[in-house]
Amino acid sequence: MTTRIGLLGTGPWARRTYAPALAAHPRAELAGVWGRKPAAAAELAGLFGARAYDDPAALIAAVDAVAIALPPGVQAPLAVQAARAGRHLLLDKPLAATVGDVHAVADAVERAGVASVVFFTLRFDAASAAWIDEQAAIGDWYTGRADWYGSVFADGSSPYTDSPWRREKGGLWDVGPHALSVTLPVLGDVTEVHAAHGPGDTVHLTLRHDSGASSTAALTLTAPPAGAGVAVEFRGKHGVAGYPDGLLGPATDSLARAVDALTSAIAGTAGAPHPCDARFGARVTEILAAAEAALR
């Protein structure tokens, strides 16, 4: 069965990842595109043989599921609208910009009984997901760290340089979800949050987990290009496990696996909600909001 999916969003992430992955997926049809800029929606739809919509409600009504590649403050109300209409959801991180909004999304999904998948990139990259699962299975970790040093605003070369929400919310909200998507399945839920400012938009997190382990994270979008990169490791009685350099594959491949998860959930073959569903996305947002409050 082919799932008709409407894409909400026309920015770089939608153009580079969502649209091509949806259009190429064997069990999905990119049935329509809506964006806040009608001309951009028309252009993107034309590139992939889809229909452009001027009204998100009309697109939601015409499809089985929606994929949303929009800023979190825009995504949340559209996700609620789609869930209330009975549409399944492929969402992006962070799920929302406030705790109230993220609870509204998770509650709407639960009440409507629709499937939801939140696209945490590493959790849907085949090699990265296998590494995360391996560390979770080993267990007995004493501590961990997940550092994301982005240089989105360093020299203007990033396609996301002009992203207003990233400039407003910084690395905590943009790359923080990546860090949490790795540490939470390995070390357990967070029970204590501390945060401190660093240079630029940098935020340093110190977290306590319900397993008894602790973790840290350095999160920024303003690192010097020469200092950019990702470093993840766990330490425990088994030794040290470090996330291998070069493990992460193309984002379109990860998105295709997220679509696999959504279509399996819709068909009822998944057996249970995906670990990266709206409830998990909500928990990540709660931790980010707690860190933001700690900074104040």
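How many helices and strands make up the secondary structure of the chain? Colour this predicted model by secondary structure, and the chain comes to 11 helices and 12 strands. The radius of gyration is 19 Å, close to the 19 Å that the globule rule gives for 296 residues, so the chain is as compact as a globular protein of that length.

If you then select the charged residues, you have 23 positive and 29 negative charges, whose mean positions lie 3 Å apart.

In soluble globular proteins, nonpolar side chains tend to be buried together. The largest nonpolar core here has 97 residues, and the members to select are Leu7, Leu90, Trp148, Leu172 and Leu205, which touch the most other members. Helix H11, residues 278-295, contributes the largest share of this core, with nine residues.

From that group, centre the view on Leu172 and show its surroundings: leaving aside residues up to four places away in sequence, Leu172 touches Pro177, Val203, Leu205, Leu219, Leu288, Ala291, Glu292 and Leu295.

Finally, return to the whole chain and draw its contacts between residues at least 6 apart in sequence; of these, 71% join residues at least 24 apart.

Technical notes:
Residues are numbered from 1 along each chain as its sequence is written. This is a predicted model: local features need pLDDT of at least 70, side-chain atom pairs count only at pLDDT 80 or more; totals for chains, interfaces and linings use all residues. Side-chain values use heavy atoms; hydrogens and water are left out. Helices (H or I, at least four residues) and strands (E, at least two) are DSSP runs, numbered from the N terminus. The radius of gyration is taken over C-alpha atoms; the globule rule is 2.2 Å times the number of residues to the power 0.38. Contact means heavy atoms within 4.5 Å. Lys and Arg count as positive and Asp and Glu as negative; His and the chain ends are not counted. The place of a charge is taken as NZ of Lys, CZ of Arg, CG of Asp or CD of Glu. A nonpolar core is a set of buried Ala, Val, Leu, Ile, Met, Phe, Trp, Tyr and Cys residues joined through side-chain atoms within 4.5 Å. Buried means under 20% relative accessible area, exposed over 50%, partly exposed in between (1.4 Å probe, protein chains only).
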